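Here is a briefing on a structure with more than one topic to cover. Please have the sequence and the model at hand.

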Amino acid sequence: MRYTRIGLASYAIASVLVVAVVGVAWARSRALPDPEATPAAERAAEPIVDAQESGAAAYQSECSGCHGEGQARGRSIPALRGVAVELFTSEGGREYLIDFMLDGRVRSVEDGEVAYVESHPSYGERPDARIAAILDHMLVSWGNDALLPAERRPYSASEVAARRTVR
Amino acid sequence: MLHWRTGLLLVGLYVVLALVPLAVGLAPPTPSGRAFWLELSVALGFVGLGQLALQFALIARFRRISEPFGIDLVMQYHRQIGILTVLLVLAHPLVLIAWRPAYAAMLNPVADGWAGRAGVLATVAMVGLVVLSLWRRPLRLGYEAWRVSHALLGVAAVALAQLHVSLTGLYVDTPWKHAVLMAWSAAFVGLIVYLRLLKPFRLARRPWRVADVRPDVAGTWNLVIEPDGHDGLAFAPGQFAWLKIGRSPWGLEEHPFSFSSSAEQHARVEFGIKELGDFTADIGRVPVGTRVLLDGPHGSFSCDFQAADSLLFIAGGIGISPILSMLHTLADREDRRPLRLVYACSRWDRTAFRSELETLEGRLDLRSVYVLEEGHEGWTGATGYVTREVLAPLLAEQTVGRQVFLCGPDAMMMVVERILVDCGVPRSRIAMERFYLV
């Protein structure tokens with residue numbers, strides 16, 4: 001019985017910790033901007049004061065944990081330095097990168113069958129402007145800009161918003 | 001009795017400390033919120049790190065921490081919460097993978113970066129800890145080897161988990177957060193450095209020598225030690241000490257033994273030791289004069305910590321040791337309170353310290369009831385286990401201010417505690433201590 005009580009105590013303490021964990025997760029996920037709450041058109045109109053700077057900041061907090069400064073990490077994380085431009089410049093690459101960020105997966109149609117290739121966490125809950133800013137940041141950082149075609153047009157929030165409906 | 005206010009305070013402190021890494025992670029600047037499952041996974045990881053580091057405080061033998069509960073209960077808690085912590089830590093990646101299977105790529109130690117690798121290795125170390133502890137005996141891992149593995153895997157788990165957090169860096173991307181978390185982990189790991197390196201150094205300055213190793217009945221020895229160059233040790237009867245016999249102060253071979261001699265004698269202390277395998281099998285061959293380091297006294301199983309008008313002792317096997325110490329002490333103090341002893345053993349010729357108990361019956365108001373698993377020809381006493389029939393008459397005899405002291409194998413203590421409670425003995429009047437800590 002003495003040990004039963006200690007057993008109960010450890011379950012109680014573990015439960016308190018789990019409740020704290022769930023509470024934190026709930027509070028933090030609530031703080032997300034709700035994509036449903038703001039109409040896409042309105043979101044697209046959100047002004048971006050300095051796309052370059054906000055892209056860098058967004059990249060730092062959202063992406064750098066895994067992608068660092070664009071370098072590869074093992075086989076599962078390819079180098080954004082290089083690969084990003086390669087994808088961007090291939091056919092359909094511009095849209096592919098947006099879809100990839102929104103879905104974290106890419107739709108492929110083979111023999112009429114729709115299949116999804118899971119490969120990346122989804123950032124679909126982020127505002128359009130933030131996704132556009134992150135993509136632009138990635139394309140001009142770590143020497144990627146030197147590889148880009150000169151006439152490249154930056155991503156825009158409305159472009160991202162448009163992909164949300166197309167997919 | 002449980003000093004419940006201190007106990008509650010310590011439990012509160014424990015919970016707060018367990019949440020420190022999470023609080024540091026969430027302190028601004030914080031990355032923007034993300035999906036629920038992702039945040040849940042991160043929070044689980046941080047709480048896992050908090051718990052993991054706290055385990056070092058539990059095992060560091062701080063008397064202030066263990067006294068309100070009893071050190072065996074602290075160890076029991078360590079064992080239970082350790083398992084729960086590993087489950088929390090396992091949930092940390094599993095939540096992510098269940099939510100988005102692509103995250104499974106992080107688990108590949110060959111392909112993924114060092115952050116992932118450190119996380120995977122930390123988890124492996126923790127699972128290893130639990131497996132080796134739960135199945136130490138079936139795995140035929142000796143106590144010593146287990147202790148070494150436990151300490152090394154524990155330190156490795158905290159270090160790797162901390163590395164995982166630092167390298168992932170999403171929530172600790174400022175220098176002060178890195179610094180605070182690393183200092184926090186290092187402080188707890190430092191406790192084991194204190195326990196294994198600094199404390200032995202202090203103990204080595206107050207060494208003891210083996211004065212005698214006296215055989216009692218088959219398989220039981222009385223280890224007698226005397227202080228070497230100091231005036232000995234004050235302890236409460238029923239307490240125990242960790243002994244390091246004849247090794248370097250920094251060796252890991254160390255065993256908890258209950259004092260069996262009178263607490264009134266500070267300069268010659270004895271321990272009743274039963275050959276149970278491992279180190280205790282060789283106790284009879286320890287030469288006189290061998291140096292002994294004594295870490296103690298520990299434990300709250302003592303008649304000195306309980307106000308009582310009558311005392312009922314219930315011992316199983318070598319659980320008699322701490323009770324013998326209490327009886328010797330009470331005899332030296334010429335205590336006149338009524339004392340009763342129920343002593344369960346396998347066989348009469350394996351019943352240790354019989355002659356000492358006989359002498360004590362002459363000096364105290366003590367009556368002993370022996371219960372043998374296996375009686376022999378001419379044995380008129382009780383056989384089998386300690387039952388309600390054995391205990392009821394003794395409980396009827398002592399009704400005023402009775403305190404029960406129970407020490408024996410786990411299974412016996414569980415059964416006897418149940419009988420006592422069924423007979424109306426309040427739980428607060430039953431003191432227990434288990435002697436197999438692992």
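The points below cover the fold of chain A, one helix pair, the interface and a sheet in chain B. This is a predicted model. Chain A holds 9 helices and 2 strands. It has 35 residues in contact with 41 residues of chain B. Chain B contributes an open sheet of 6 strands.

**Chain A: overall build**

- The elements of chain A, read from the N terminus, run α-α-α-α-α-α-β-β-α-α-α.
- Chain A has 167 residues, and 28% of them are buried.
- Among contacts in chain A with a separation of 6 or more, 63% join residues 24 or more positions apart.

**Chain A: the H7–H9 pair**

- Helix H7 (residues 128-140) and helix H9 (residues 157-166) of chain A have axes that come within 8 Å.
- Their axes cross at roughly 110 degrees.
- An angle from 65 to 115 degrees counts as roughly perpendicular, so H7(A) and H9(A) are roughly perpendicular to each other.
- The crossing of H7(A) past H9(A) is right-handed.
- On the H7(A) side, the contact is made by Asp128(A), Ala129(A), Ile131(A) and Ala132(A).
- On the H9(A) side, Ala157(A), Glu159(A), Val160(A) and Ala161(A) take part.
- The residues of this contact divide into 6 nonpolar and 2 charged, with no polar ones.

**Interface of chains A and B**

- The contact joins 35 residues of chain A to 41 residues of chain B.
- Helix H1 (2-30) and helix H3 (51-62) of chain A each supply at least two residues to the side of chain A that touches chain B.
- H1(A) gives the largest share of that side, with 18 residues.
- By residue class, the side of chain A that touches chain B has 18 nonpolar, 10 polar and 7 charged residues.

**Chain B: the sheet**

- The 6 strands of the open sheet in chain B follow the order E4-E3-E6-E1-E2-E5.
- Pairing in this sheet is antiparallel.
- Strand E4 (255-258) and strand E5 (269-274) of chain B are the edge strands, and each pairs on one side only.
- From one strand to the next, the twist averages 40 degrees.
- Strand E2 (residues 220-227) of chain B pairs with E5(B) over 6 bridges, in the antiparallel sense.
- Leu223(B) stands opposite Phe271(B), a residue in E5(B).

Terms used. Residues are numbered from 1 along each chain as its sequence is written. Chains are lettered from A and ligands numbered from 1 in the order in which they are written. This is a predicted model: local features need pLDDT of at least 70, side-chain atom pairs count only at pLDDT 80 or more; totals for chains, interfaces and linings use all residues. Two residues are in contact if their C-beta atoms, placed from the backbone, lie within 7 Å. Helices (H or I, at least four residues) and strands (E, at least two) are DSSP runs, numbered from the N terminus. Ala, Val, Leu, Ile, Met, Phe, Trp, Tyr, Cys and Pro count as nonpolar, Asp, Glu, Lys and Arg as charged, and the others, Gly among them, as polar. Axes are lines fitted to C-alpha atoms, for helices over the stretch in contact, and angles run from 0 to 180 degrees between N-to-C directions. Angles under 35 degrees count as roughly parallel, over 145 as roughly antiparallel, 65 to 115 as roughly perpendicular and the rest as oblique. A crossing is left-handed if the near helix is turned anticlockwise from the far one by less than a right angle, and right-handed if clockwise. A residue is buried if 20 or more other C-beta atoms lie within 10 Å of its own, exposed if 12 or fewer, and partly exposed in between; C-beta atoms are placed from the backbone. Two strands pair if DSSP finds at least two bridges between them.
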